[in-house]
Every structure is written in C-alpha cells, then in structure tokens.
Amino acid sequence: MVTENDVQHIAELADVGIGKEELGDFTHQFNAILEYFDTLDRVEGQGAAARDLYNVLREDEVEPSLPQEEVLRNAPAQEDGFIKAPRVM
Amino acid sequence: MADEETQVIVGLEVHCQLDTKSKLFCGCSTDYRSDGPNTHVCPICLGLPGAMPALNKRAIEYAMKVAKALNCEIVNESEFSRKNYFYPDLDKAYQITQYDKPLAEGGYLEIESDAGREKKVRLTRIHVEEDPGRLVHMGNVERGKYSLVDYNRAGIPLIEIVSEPDMRSPKEARKFLNKLRATLEYLSVFDSEKEGSLRVDANISIKGHERVEVKNITSYKGVEKALTFEVTRQKNLIRRGQKIERETRHFLEGRGVTQSARSKEQEHDYRYFPEPDLRPLRVKSWVDGIVLPELPDARRERFMAQYGCSLNHARTLTGDLKLANFFEKVVASDPKGLAPLASTWIADTLIGELNYRDMGLDPVEPESVAALIRLLKAGTITDKSGVEVLRVMLDQRLKNEKVETPDAIVARLGLTKTAGDTGVIAAAIEEAIRENPKALEDYKNGEGKALNFLVGQVMKKTRGKADPAELNRMLTEALKQKEA
Amino acid sequence: MPQQTITFEPDDKYNAFLTVCNKPSHASGKLAGVAVAVKDNISTLGIETTCASKILKGYIPPYDAHVVGLLKQAGAAIAGKTNMDEFGMGTTTENSAFGPTLNPCDTGRVPGGSSGGSAAAVAAGMVKMALGTDTGGSIRCPAAFCGIVGLKPTYGRVSRYGLIAYANSLEQIGPMGKTVSDVSTLMSVIAGYDRHDSTSQNKPYDHIPRADIKGLKIGIPKEYFGKGVDPQVAAVVKKAIGRLEELGASTVTCSIPSMEYALAAYYVTCTCEASSNLARFDGVRYGPAADTKKSWHDAFQEVRSTAFGTEVRRRIMLGTFALSSGYYGKYYAKAQVARENVRADFQRIFKDVDVIAGPTMPTIAFRLKEKSDPLSMYLADILTVPANLAGVPAISVPCGKSEGMPVGLQIIGRHFEDERVVDVAYAYEQAVN
C-alpha cells in the first residue's frame, strides 16, 4: 500500500510532478496496479538462462561527429556554442 | 605506527580517462580539448532519443590490461548497468556504468608506506563507465545564474579503480595515486598530461568515527592537500568532543579547504538495473593473451641492477614514464660511464630546475643532457658550472631561443675548470685573504667558518671554475703559511 | 541516387497522420515509389518526430533510424508520420497528445494501439504499408482491431536504432499492411543486422510467402480461450483455426502456465525501462524550453509535468517505484525470472508443435473512451505480451468479424521462424479470399 505522500515522493524522484487534484485518483490507481504486480511474488525459477549473444563490441575507429549547428538545432537555449541549462546550485 | 586513537583511514576511488581514439559507446573522436564546445558529439553521446550505445573493444582491452597489471581477477561475466539521476551534464539522465558485475575484482598496488616499507594497498574492483559532459556555471545573483553545457566530454571512456581503505595518511594516498598514474602510463592506456583526465573521490575517517567523502578532486597535489585539511578538521572536531558528520564534501582547490556539499537530495537512489541495449561480456579468457610491458617496479629493479642507481634515485626516475625513458636515452651511448652522474643530475638537479620553471620534460633534448654529463665526468667543469649550463639551456628553451650545446655555453662563458691553472687560483686566494683581514683573524682564532667564507670568496673570484678540492687544498696551504 | 517524387495528399478523416509529406522523394528499388507511413516514434531525418507527445513537439531528428535508411534505399517514399499512444504507452491511441485516431471500420471505436495511426492509414487505404512498433502488442492489436495484417518480428531481427525507446528489451519495429504479401515484402526490406544496435542479430529475411501448411502442427493454448476472452471473438478464431485444419494442419491443446503472471511481468519490465528511457526529456537539448531562470530541479519538473500526459507520468512513476531502493528484487528481478519461465513454456510447447494459434485480442475494438481505468486497459494486452516477453515472432491476420468489427487471428512461432508464421497467415488469407 502506498500513501498519497509516497506517490508525491515518487513523482519528485522521477521529476514528473503531480497536481493536487490528481493525487487522490492517482494513488488509488497506483495501488490497484501494484496489487496486480504482486502476482510476481508467486514466481519461482532460476532467472535468465544463458543467451547466445555476448561480447558485442566495435573497433576503436573515429567516425564523423555532428556539426555543432546540428547539435544545437533542437536546443531551446544556447550561448556561444554551449547549451544553456537551468542553474544547478 | 600511528597512534590507535587517531589512526587515519583512507580509501580512494580513482577515475581515469582511457586513451582510446573514439568514445566508449560511439565513434566521436576523444581529442576534444582544443576544439569548440559541442563539436565532438553525435546522436549517441548526445543522448538523442532513439540512439543506442555500441561498446568500444579497445576500452575493454585497456581496462583488462590495467586489471592484469594490478593483479585483479577478471570476472566470468560482467555487464553494464544504468545509474539513473538528473543533472544537466548527464544527457540521458543515466550514466552507463558497471554496478554489481564489474569487469574485475580484487587486486593490489604496492606503495612505500609511511614507515618506509613496501606495502600493498588492496583494491576492491575495477570497472568501466562513461564520462558525463562538462558544466560551466554562469551568471550571478543579479543577472540570474544558469549553466552552460558542453557534451564533448560525454561518453569518454573512464576506468574506475576502487581501493580498500588501506591507506593511513594523506601522504600514502599521494603515493598510491602516483604509483597508479605511473602504472597506467607505462601501460599506454592513459595520458596524465591531459587536463581533467584523472579525478579522485576520497573516503577518510579517523578510526572509531564516521567516514567523510571528499568528491571530485582533480589534481594529484589536491588529493594530499584535501586529505591533510580533512585530517586536521576531523581531529579538531574530535578534540572538541564534537561529532563528525557522515557527509559528502567538495574540495575547493584555490582555498585548500573542503566544504560540505549542501545538496538537496541526501542519498541518491540510483535505481540501478542492467543496461538492456548492451550485451554481457565474457572476456576472462582474453587475460592470457594480454602481454604486459615492463611495469614501474620491475623497471626500478632493473635501473638498480643495470645502471647501479640507488633505490631512491631509481624510484624517482621510474616513477614517471617520460622521465624513465629520458634517463635511458641520456645514458644510452655509454650506460656504465654516464649512469652514475646522470642518476643524480636527472633525479635531483634537472627535476628541480624544471619544477622551478614550471616546465615539462618534453622540450629537453636527451643529447644535450648527455653532453653535459660527459663534460662533468671529464672534469672539464665543476658541478656549480654544470648547474649554470643547465639553467642556460632550460632558459633558452623556455624563451624559445636557440638552445646552445653545453660545449658552446662553456666556451662562451669561459666555464672551463681552472684546475690546471693554479696561478689563477693562487692569485684569487691572495686577493681574497688581503681583502678580508677579519676572516684571516677568525681563522687564526680557530673559527672553521672563516675558511668556508674565504672559499666562497675565491669561488666568486674564479667564477666557480676552480675545482673545489683543489681550491680548498691551496687555500688551507696559504692560510697555514699566513699563520706561521 | 537519382530521386523522383510522388504526390501524397491523403484524405485523413481518422487523424491517422501527425505529419504528412506531400511530395516525398524516392529512389529506385524493391519499393520504388511506394508510399510508406512511419510511426511517429521512429526517427526520421528532417521530419518532426514527436512520439505523439508535447514534450517532443517540434523535435527534428538530425538522423534517420536504421530502418528508415533501409526504406529509402529500397526506393520507398516516406509518406508521413503516424499517430500513436504517447511514447507507445497504450492500447487504443487515445493517449496521444494530439487527439485519438479513429477506427476506419467504425469511427466511434478506437483503432487499437499504440500503432493506431499506422493501422488506420493502411485500413483506410491511404497507404499500402506502414511501420509500427510492438512492445506488448502495439502492432498486432491495431492490426486486429482495424482488420489488417501486422507482424511483430523476432526480437533482434529488426534494428531498433532510431526507435525512440519505451521498453528496450521488449520492443521491435514491424511491418503492417493490407495483405500478408505486403507485410512480408516490407519485412524483407527492414530486417537484418545493424552494427549500431548491439541487440541486433544477423538474420536477414528473404522470403516469399507460401500457402502450403500440410503437416503443420498447431498448439491451441487453453489460456487463450479462457475467461476474459469474449466468446464471440473466441468462436470466430476457432472457426479460422478450423480452416487451417482443412488446409492440412493438425491441432493439439496446450497450456502456458506462466500466463498467470505474464502481464505483471510485462508491465513491471516496461514501466521500469520506460522510467529510465524517458528521464532524458528535460527541455534542455530538445523539447519545450526549460526555464533557465529556475533551478534545474524545479525547471525539469515543470517541463515534465506539463508536457507528459497522464498515462506516461503514471508509467514513469510505476517504473521509478519498482526500481527504487529495496524494490528491485521484488519487481524487476522477479519479472525477469517470470520472463524466463514464459520463454521456457514456449520452448516446451514448440517441441511438440510448430506454431501457436489464438485470438490476437480478447475483444473487438472498444468504443472511444470506453476504457477509462488503467488497470482494465492493461488487462487487454494479456494475449499479446507473452510473445514480447519471450522474444518470439507473432503475426495478426484478419479472420472474420464479430458485431461487425474485425477479429484478428494470432500466429506465434519459434525464435527466428518469422517466415513460418508469415506462411501460416498467408495460407489462411489465401484460403478465405
């Protein structure tokens, strides 16, 4: 069982935000789904068996990078070739 | 042996950039430092939606070389995991790293302990991960603060080496770091001269008290400084009966202090899970095929055996790959003949002169040092003159002037030892005694210092060219005659 | 490559397309001049790619997904980008931030999801072929609901490079079309090894469908005809399977015990992976601008709470919770064990049979807004998710109607036997047409 507080906390951890109006319904649905997830408690078994695909590696070769304009093209805010982001402190 | 009550316990997590040509998960060139921001970026390292990582084989080979050199065990199956957190320099909002299945475990690095003996610092593990981008903090309180991000560094391959808390002082931590750096250089997997290529997180505690983490120390000297500051800080708190907080701190290089990191998220929940876009590695069998080059310890032993270097000189010379190579180039033409002098002159004198000028070894021609050693060996110039010649050469190099050969400098400055020309020395001695009657008096009264003073005076007059032993003998003779 | 252009001006009454390319150019090749629609979670160079989300509105990829490159090389004309449930999260295409797509068979009903736009575009005859993606049934469900053919390839057979990830370990890009032949042709273009996708297998698809299924052994899982499956739908599918028997196949009942927790395993896995995949959307490198005057935590939250839809936020939170400290063992790790059991069940069954047959979906297409409760929506995926969990190929081919709406017959095969799965569908299709 998760509480509305828990749901609020998870929303913050995931940086998705949840409005006060939504919180009640969200929590209710959340709990129903988590209860459904509990079916997994009954699962028994060894886990992932050996697969056939290992050591997928590429040679250390340089390939062309994107031109700076392409890197910046979709960025909403930029300055002198850097991408602008909100302050960290 | 440190006092039980205040025993310092240090563990290090060292991140080094591996010197591959392309990044860890994409083909962007790793040679970004002299280029503009965001010019070494592609959909993969920019974390564009839909892009997928492709693992660089050489990065794994390099990491395995390091693991083998540090006596680690390569695990049977290792895998990459996602470490999830939000930060503007982390463009996927997760770092691809290795969590519960790292490439290698165990191992050790031998250092010289505080007590002077060889000591093994054990390692916990070694793993591979990608570097995030680089954040530049801008603005101010008035204009508003913001960050600028450059993703050139995002995706550079890193090797993380985690030690057990086996170090007992900031000094031992420095030694560990130096030995590690040297080993990585010898393996040709790391370029220590590249800015930002090495970062250290240190864990330090006083026995019986909480552990403090100091994050993101970016210079070798910084590690010792930061830890020294911490030891003092923690000991002071203990002395005052205060509790040491278990916390993360940052080292402020400029001020030489550590500061508590006031972060909003107390404990990050990284929500690790295996990276679904990469396949596991089974590379244990590759270890046998890895041929290690001669490593620092072996080279040190060889220098002692082959060149007759003292332990201390050998340690200094082999403690840096470039220096060791330089030494061997200098003595190559006549190892037996040149090594004894070269040992001292390179390990002690040259290093000192370079440090003083903030110069690296690269601009110095081994042949010019070899020529200097030859002059010294032949007795053509005194040690003092030797230092003068060295300084002239280095200064010329520093100022980008044409560097003269030692022979040319000696000729130009007239530095040839006047050992054979006793007349010049004798005249200088007479002058010195005549000009300093008090010194003569003091000497007659048994003051040993007077002799040294007069030696200095004669040296000045002969501009350092007089052979010290010869000068001493003649001066003492002359003074005795005056006594009589 | 010499380029020609075609004119593409569809009468899109169903909101199938988010972006239409009116004069797409094309080269020569197997698909020369064929207009192909591409689901909007597949990156297309220079063409807006939104995943039907506000958080990618205006995003223009600087690169093509691998399969888009292959389409172009084969001469296809990229007709446009199709509507979908936001980031692939949904079973009806009602979760699109740009309005739902309507089912051409009945515009009061959903086309299925999440590749609803691609399915509607094909069903309405706007394009012959379309690319969709299938994480838990997102190709097969809309194919069934709209009465067209859709194939989820074996995991690893088609490159995911350029597919904007929702659940990396489950999803595949796959072909959708009016006929099995068209689906097979499109598959032959997109399948094959890609060095940019480290989960990609070297298994090209070069197959012309064959209608001969004499001697084929078909397994009928009792779980596919149990409670929860509409009896009329079950009856239509049973009749279709009867047709296969007439063509020379034999059937035997079987059981997939792991079905009991397959859906839970699916939703745990996809929400966990999605919570991580979608964390990069913060308005800094693309998307709606993060307010750089705010602190990053506040700015990111603001962008993500306004620009992500409710279902997306819900799944991100579920996944964040399931991966959070202390819960990994209970959820994600357990889900992988469950997957292994599903895989083992299939392998066991495939020792005695060649393919498995059953309904694609438990019901016909829902009415718009009929399913408002998330959990009841999730339960609709029960028959499609096992194939994703196991990584095996599965196709949906139309096999009749119930209440006037199409019903899909699902054929599931062994790993890398996509050809056989296509053949069974082809045999059925040819027999009834």
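Two residues are taken to be in contact if their C-beta atoms, placed from the backbone, lie within 7 Å. On that basis, the contact between chain B and chain A takes 37 residues from chain B and 27 residues from chain A. Helices (H or I, at least four residues) and strands (E, at least two) are DSSP runs, numbered from the N terminus. On the chain B side, α1 (57–69), β8 (134–140) and β9 (144–150) each supply at least two residues, and β9(B) gives the most, with six residues. By class, this side of chain B has 18 nonpolar, 11 polar and eight charged residues; here Ala, Val, Leu, Ile, Met, Phe, Trp, Tyr, Cys and Pro count as nonpolar, Asp, Glu, Lys and Arg as charged, and the others, Gly among them, as polar.

All of this comes from a predicted model, in which local features need pLDDT of at least 70, side-chain atom pairs count only at pLDDT 80 or more, and totals for chains, interfaces and linings use all residues. Residues are numbered from 1 along each chain as its sequence is written, while chains are lettered from A and ligands numbered from 1 in the order in which they are written. The model scores ipTM 0.96 and pTM 0.92. For pLDDT, the predictor's confidence in each residue from 0 to 100, chain C has a mean of 96, with 100% of its residues at 70 or more. Chain A averages 90, and 96% of its residues score at least 70.

Strand β2 (residues 82–86) of chain A runs antiparallel to β9(B), and four bridges join the two. One of the bridge pairs puts Pro86(A) with Tyr146(B).

Chain B itself comes to 14 helices and 15 strands, and its C-alpha atoms fill a box of roughly 95 × 55 × 50 Å along the principal axes. A residue counts as buried if 20 or more other C-beta atoms lie within 10 Å of its own, exposed if 12 or fewer, and partly exposed in between, with C-beta atoms placed from the backbone. Of the 484 residues of chain B, 44% are buried. Among its contacts between residues at least 6 apart in sequence, 69% join residues at least 24 apart.

Several local features of chain B can be picked out. An open sheet of three strands has the order β4-β3-β15 in chain B, with antiparallel pairing; its edge strands, β4 (94–97) and β15 (273–274), each pair on one side only. Two bridges join strand β3 (residues 81–84) of chain B to β15(B), with Arg82(B) standing opposite Phe273(B). Elsewhere, β13 (residues 248–252) and β14 (residues 257–260) of chain B pair in the antiparallel sense over four bridges, and Leu252(B) has Val257(B) as its bridge partner. These two strands of chain B form a hairpin with four residues between them, and Gly256(B) in the turn has a positive phi of about 70°.

Helix α5 (residues 311–318) of chain B has His313(B), Ala314(B), Thr316(B), Leu317(B) and Thr318(B) as its buried residues. They pack against α4 (296–307), α6 (321–331) and α7 (335–356) of chain B. Met459(B) sits in helix α13 (residues 448–461) of chain B and counts as partly exposed because it has 18 C-beta neighbours inside 10 Å. Leaving out residues up to four places away in sequence, Met459(B) touches Gly464(B) and Ala466(B).

In chain C, strand β6 (residues 129–134) is mostly covered, with six of its six residues buried. Met129(C), Leu131(C) and Thr133(C) are buried on one side, and Ala130(C), Gly132(C) and Asp134(C) on the other. Strand β4 (residues 35–39) of chain C pairs with β6(C) in the parallel sense over three bridges, Ala37(C) being the bridge partner of Ala130(C). Six bridges join β6(C) to the antiparallel strand β8 (residues 172–177) of chain C, where Gly132(C) is partnered by Gly174(C).

Key. Two strands pair if DSSP finds at least two bridges between them.
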